[in-house]
Amino acid sequence: MATPVPKPRLTLPLYRLYEGRLLRRLDHERLPRHIGIILDGHRRYARAEGLETYTDSYRSGMRRFEEFLGWAAELPIPAITAWVLSTENLSRPREQIEPYFETLTEMFERLPSSAGRLGFRLHVIGSLDLLPTALVAAAKRAMEATASGDRQLTIAMGYGGRQEIVDACRDLVEDLAARGIPPTGMAGHVKASAIAAHLYQPDQPDADLVIRTSGESRLSGFLLWQAAYAEYAFVDVFWPAFRRVDFIRALRDYAAADRRFGR
């Protein structure tokens, strides 16, 4: 049997030329205002690369996320929401989840410098009461240190889209009760705009583009309300291996899409 000939791979300089060509062709008037990104595939990346521990993959992934913020900051994209930890992830074995908590804590300690200098204002959403105290404290310090940024960076951890909608409905009902609306009259106040006003970040625009890595073609509960009319980019690579060229391609495809918003 003949030995298969390996497919040629672009060298780094050629990739840089290709990236530059894609960037020059991007229509900045058609870029998304709000990108949601699901950082998926850390453990599979560790196994594929033969890494000794998942911690090595987690750290590579968080460093890649900080690189991603730099790529996004080169373009007029005002809002990013990154899903780093779902509520379902919290049920994983301790030997998997605790190193990830530590890696997230390390990332939040760096974000005031890495994201802050790029002009990102950090906000964290999710069920923070389910997370370790040290992680939540690091996240709050990072938020305080980046309060003056003009771009919005939202980190979703301990987050589930269904829970966000449930929380919004509960808040709406409590608000109606506080305003003296009787139970028999509440149904007339339950509208899409009223629920949207009680989401975790009601002042943020809906997601225009959602990117998910690792070859999975599903949302898994991410921004269920906000991404109702988003375009989607499902990228085959695991998150730690996500490249700038993958990001630019997703933006290119988004800019070329004929968005009909359900029509």
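Me: What volume does the largest cavity have?

Reply: In general, rolling a probe the size of a water molecule over the atoms shows where empty space is left. In this predicted model, the largest cavity has a volume of about 50 Å³. The structure holds two cavities of 30 Å³ or more.

Me: Which residues line the largest cavity?

Reply: Its lining consists of Thr81, Ile125, Glu164, Tyr200, Gln201, Gln204, Leu223 and Gln226.

Me: How much space lies in the largest pocket, and which residues are closest to its centre?

Reply: The largest pocket holds about 470 Å³ of space. It is lined by 20 residues, and Asp40, Ser86, Asn89, Arg92 and Arg212 are the closest to its centre.

Me: Which element gives the most to the lining of the largest pocket?

Reply: Strand S2 does, with four residues. Helix H2 (42-49) and strand S2 (79-86) each supply at least two residues of this lining.

Me: Which residues of the largest nonpolar core touch the most other members?

Reply: The general idea comes first: in soluble globular proteins, nonpolar side chains tend to be buried together. Here the largest nonpolar core has 55 residues, and those touching the most other members are Phe65, Phe68, Phe108, Met157, Ile211 and Phe247. Helix H3 (residues 54-73) gives the most to this core, namely eight residues. Apart from this core lies another, of eleven residues, including Ile38, Phe222, Leu223 and Ala227.

Me: Which residues does Met157 touch, leaving aside those up to four places away in sequence?

Reply: With those left out, Met157 touches Val84, Leu85, Leu104, Phe108, Val124, Ile125, Gly126, Ser127, Leu128, Leu131, Leu135 and Ala139.

Me: How many aromatic pairs are there?

Reply: Two rings count as a pair if their centres lie within 6.5 Å. By this rule there are 14 aromatic pairs. For Trp71 and Phe242, the ring centres are 6.3 Å apart and the planes stand at 40°, so this pair is tilted. The pair links distant parts of the chain, 171 residues apart: Trp71 belongs to helix H3, and Phe242 to the loop between strand S6 (231-234) and helix H9 (244-256).

Me: Are Trp71 and Phe242 buried or exposed?

Reply: Both Trp71 and Phe242 are buried. They also belong to a cluster, in which ring pairs link Phe65, Phe68, Trp71, Trp239, Phe242 and Phe247.

Me: Where does the charged end of Arg151 sit?

Reply: The charged end of Arg151 sits over the ring of Phe120, at 6.0 Å from the centre of that ring.

How values were computed:
Residues numbered from 1 in each chain as written. Predicted model: local features only at pLDDT ≥ 70, side-chain atom pairs only at ≥ 80, totals over all residues. Heavy atoms only, no water. Core = buried A, V, L, I, M, F, W, Y, C linked by side-chain atoms within 4.5 Å. Buried < 20%, exposed > 50% of the residue type's maximum accessible area, 1.4 Å probe, protein only. Contact = heavy atoms within 4.5 Å. Phe/Tyr/Trp six-rings, centres within 6.5 Å; stacked < 30°, edge-to-face > 60°. Lys NZ or Arg CZ within 6 Å of the ring centre and 35° of its normal. 1 Å grid on protein atoms, 1.4 Å probe; cavity = no way out; pocket = protein on both sides within 12 Å on 5 of 7 lines; lining within 4 Å. Points joined across faces, edges and corners; volume = space filled by probe spheres on them.
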